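Grab a viewer and try each task before you read its solution.

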2 protein chains.
Amino acid sequence: MAGVMLSLDDVRAAAGRLAGVAHRTPVLTSRTLDERIGASALLKAECFQRGGAFKFRGAYNMISSLDPPQRARGVVAYSSGNHAQAVSLAARLLGTSATILMPADTPPAKLDATGGYGAEIVTYDRYTEDREALGAALADERGLVLVPPYEHPLIMAGQGTTALELLEDAPDLDVLVVPVGGGGLIAGCATAAKALRPGIRVVGVEPATGDDTRRSLEAGERVRIPVPRTIADGQQADIPGKLTFAVNRQVVDTIVTVSDDEILYAMAFLFDRMKLVTEPSGASAPAALLAGHVPEVAGARAGAVISGGNVGAARFAELMAGQ
Amino acid sequence: MAGVMLSLDDVRAAAGRLAGVAHRTPVLTSRTLDERIGASALLKAECFQRGGAFKFRGAYNMISSLDPPQRARGVVAYSSGNHAQAVSLAARLLGTSATILMPADTPPAKLDATGGYGAEIVTYDRYTEDREALGAALADERGLVLVPPYEHPLIMAGQGTTALELLEDAPDLDVLVVPVGGGGLIAGCATAAKALRPGIRVVGVEPATGDDTRRSLEAGERVRIPVPRTIADGQQADIPGKLTFAVNRQVVDTIVTVSDDEILYAMAFLFDRMKLVTEPSGASAPAALLAGHVPEVAGARAGAVISGGNVGAARFAELMAGQ
């Protein structure tokens, strides 16, 4: 297909690099969930991935692919969240150093978690400084390779191993539901899924206030929206990536959106009924199923990705107040 | 050994009945936990068991062992908690009916969970009525078999399959840490563990206010204490069972206690670091490790049972307020 820049082979190559390093996360089911949504749901639980989210798959795939002199110099990333922990952990496992740019007002728990994997943390003022420029300057000055959160074929391919594993465990899926932030996870997952099972329908899920990919796919070009306000802090992208959008316009069938309340309901449901710890972004795909936003799952076998579980007990308690 | 009324063979027979029915729950590890306690910890996660707790193992083992006419008449149990759900679920799977006596002021969520498995719920006033007499009367009147929460060899043997599986997955354990309520879980687990690995040290964990088994083992006879006040509602026994005590005095090495605060700390740790949902009783064994109450684990391989995860998101949020 013209313009294809990501293939099943890329995802398979990533799976080879991740074998024995990333966790093969479980695929979980619930009779109660199935009864509630009128479908057979298979949840790929990336909350149990190393670093607590799917991000490790992409970071490790990219860093392990660097040639030895590049890798020896170290890597840099900017993130206040799961990507920071993923890059730190992957760098440590691969024997190199990571420098992570984090906003100065990042919660201490997140700074600790990232520092705990051995990364050097450089803070910046998120209101007056530009993290992309700072990251580029650091990379240039120190000769570091920048590891982006989604905008790279090796990142997308690594993240796509999530769907590769899910389809190995459940080859007969009719629908695959994947959360969308910058679009790397769904790009890799949809690429793998469509190649393995051409008839599968791939549905992305965005927060209602953060539907930049939905709008972009409708418009046929990348659309920028105001930075979304949502509890789903892993899905606050304001514009799709260039590369992820180029892939997703070919392999994603549709995007649906969920409200913060629908996400909170899903977090409580997953906790109560399946004993799963999910962060808001991590629960958005099951939230779309529970809220009835994916009518094509009726009577079908629906895979859904729980993308992460990095929420502290205190923050979880705060979010659940009133649920 | 004189007086032995429970053997490894009983536990193995139970494992045979449970094969393909109970979940083989995962054994989970955490580098952070190991660093914190200076040991290699292996957590048997019964929060992922059917019905959300280890109780299913005993209930199913007993009900599946009834002869056909007995089983056809149905079973009765009294419990406001995990045992109620376990008996209801086991009865449904075995094609019989369950009647569950529950206090009239049981939270609606627990009534629903139990009723959801198809049991008939009979409520009573816990302040004016005697549940044991009511249960016996119902059993008599309707010809039902009473399924006790711990005081039966088949219940203890079924619950002991928890340790049988753990030792299959981790045969070289030095210490096994198990929560103690009525004493059925530890009776079955210690029986299996001591038979498979005679040198293993078995440590029970009780709430600090509910140390009836610790006192009883010290006294050499069953000691009754005031009904304990603790958040660990699965461990509010005020006196050990006759049968469980007779077993435990032979196979349990020592009992340690944990405070409610130590349990809450462990619940938050397990949530934050391992993405595990645990109820207070379910977290008491890891709590003893984290609080340093089991010094014999230093440098050793320590198994610990997470006995259940039946806590709602709202109740969890309440408990975590201030953590």
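Helix 8 of chain A crosses helix 9 of chain A in a right-handed sense; that term means the near helix is turned clockwise from the far one by less than a right angle, anticlockwise being left-handed. Before you start, note that this is a predicted model, where local features need pLDDT of at least 70, side-chain atom pairs count only at pLDDT 80 or more, and totals for chains, interfaces and linings use all residues. Residues are numbered from 1 along each chain as its sequence is written, chains are lettered from A and ligands numbered from 1 in the order in which they are written, and side-chain values use heavy atoms, with hydrogens and water left out.

**Exercise 1.** Work out how helix 8 and helix 9 of chain A are oriented to each other.

Step 1: locate the helices, which are DSSP runs (H or I, at least four residues) numbered from the N terminus. Helix 8 covers residues 153–169 and helix 9 covers residues 184–196, both in chain A.

Step 2: get the geometry. The axes come within 7 Å and cross at roughly 45°; axes are lines fitted to C-alpha atoms over the stretch in contact, with angles from 0 to 180 degrees between N-to-C directions.

Step 3: classify. Helix 8 and helix 9 of chain A are therefore oblique to each other, given that under 35 degrees is roughly parallel, over 145 roughly antiparallel, 65 to 115 roughly perpendicular and the rest oblique.

Step 4: list who touches whom, contact being heavy atoms within 4.5 Å. Helix 8 of chain A brings residues including A:M156, A:G160 and A:L167, and helix 9 of chain A brings, among them, A:L185, A:C189 and A:L196. By class, this contact has 10 nonpolar, 5 polar and no charged residues. Here Ala, Val, Leu, Ile, Met, Phe, Trp, Tyr, Cys and Pro are nonpolar, Asp, Glu, Lys and Arg charged, and the others, Gly among them, polar.

**Exercise 2.** Describe how helix 5 of chain A packs against helix 3 and helix 6 of chain A.

Step 1: take helix 3 (residues 55–65). Its axis lies 8 Å from that of helix 5 of chain A, at about 40°. That makes helix 3 of chain A oblique to helix 5 of chain A, and the crossing is right-handed.

Step 2: turn to helix 6 (residues 108–116). Helix 5 (residues 82–93) and helix 6 of chain A pack at about 15° with axes 8 Å apart, and are therefore roughly parallel. Their crossing is left-handed. A:A84, A:Q85, A:S88 and A:R92 of helix 5 of chain A touch A:A113, A:T114 and A:G116 of helix 6 of chain A.

**Exercise 3.** Find how chain A and chain B are related, and what they bury.

Step 1: superpose the copies by least squares on C-alpha atoms of residues with pLDDT of at least 70 in both.

Step 2: look at the interface. 24 residues of chain A contact 24 residues of chain B, and the chains bury about 1,700 Å² between them, 65% of it on carbon and sulfur atoms. Buried area is the accessible area (1.4 Å probe) lost on putting two parts together, summed over both.

Technical notes: Helices (H or I, at least four residues) and strands (E, at least two) are DSSP runs, numbered from the N terminus.
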